[in-house]
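Please consult the sequence and structure below while reading.

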Amino acid sequence: MPGPGAPDPVLVSLGSLPATAVSYVTQRFPDSAEWFADEVTAGHVRSDDGAVVTPSSPYVPGASVWFHRPIPDDDAAPVTLDVLYEDEWIIAVDKPHGLCSTPNGENVRRSAVVAGRVQFANDEISALHRLDRSTGGVLLLCKRREDRGAFHKMFEERSVSKTYWAVASLNDRVGAEPVRVESRINKTQGELQAREDPGEVNAITDIRLLTSFSDTAGEWGLYEVRPLTGRTHQIRVHMTSLGLPLRGDKLYPVPREDFDVEDPDNPMQLIARSMTFVHPMTGESMTIDSRLTPSSHAAVAG
């Protein structure tokens, strides 16, 4: 089977007609026919029952074959993740700005999960939660499939406390005392932005100003943000609703033409600063802190 760094296996349901399973797949994906034939020859393709698929394995209508997609060459340097904490169950890393949490479209190698599988030589590594590609900071990875459920339960039960740092402009709506924003946030698949709609509240965020500073671009605030719920783009939406869109955000309040192009010299100023939870395996209460600092305000954040 493929070595560390391979993305999760792909399932292809078989249709009808061809004599062998291999002929069906190669007819369906002609551009990958040569590569797939090599994978079959190497014994890397499996049937539903785990048996190795061979060139002569018969086509069975309704059956499936499993294989790992080739990892595209992203034309990018390998990613090395900064480890914040590790035990026999989990690894906490500082996800860099501009790196997807999980494989997404063409961003396969350029994802924290695949980078972790390569770096730690472990194909079972998975992300226990997600950070937006533009967000940096604490990301929890699970080492083994059988342990994922216990850690996922923490997030499902909202027993994980998260704190973010954000850089945005200043106004009189948010000061040293926390301001709570409550609204209903929805995001429709295929649409770039999440939106606030009338109806029952499903998103709650506490925001306070830690300090202010100035640079050549103007006056700025460093904010502590504590989301009590986990809606898509929640912090970005709630900060924007206060008139405080994040510095470097290309999606809010209005998407820019280059919204999907990361700018390493001006990343979006949002960091998953810390995460506190009770370890489900040890019962220990623990807090994991990011080492990242807002690049536009490193002196105050340090």
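Cysteine 100 counts as buried, at 7% relative accessibility; buried means under 20% relative accessible area, exposed over 50% and partly exposed in between (1.4 Å probe, protein chains only). Cysteine 142 is also buried, with a relative accessible area of 0%. The disulfide count comes to zero, where a disulfide is a pair of cysteine sulfur atoms within 2.5 Å.

The model is predicted: local features need pLDDT of at least 70, side-chain atom pairs count only at pLDDT 80 or more, and totals for chains, interfaces and linings use all residues. Residues are numbered from 1 along each chain as its sequence is written, and side-chain values use heavy atoms, with hydrogens and water left out.

A nonpolar core is a set of buried Ala, Val, Leu, Ile, Met, Phe, Trp, Tyr and Cys residues joined through side-chain atoms within 4.5 Å. The largest such core has 30 residues, and Ile207, Tyr223, Val225 and Met239 have the most contacts inside it. A second, separate core of 16 residues includes Cys142, together with Ala92, Leu128 and Phe151. Isoleucine 207 touches, among others, Val174, Pro178, Tyr223 and Leu242, not counting residues up to four places away in sequence; contact means heavy atoms within 4.5 Å.

Finally, the peptide bond from tyrosine 252 to proline 253 is cis, with omega near 0 degrees.
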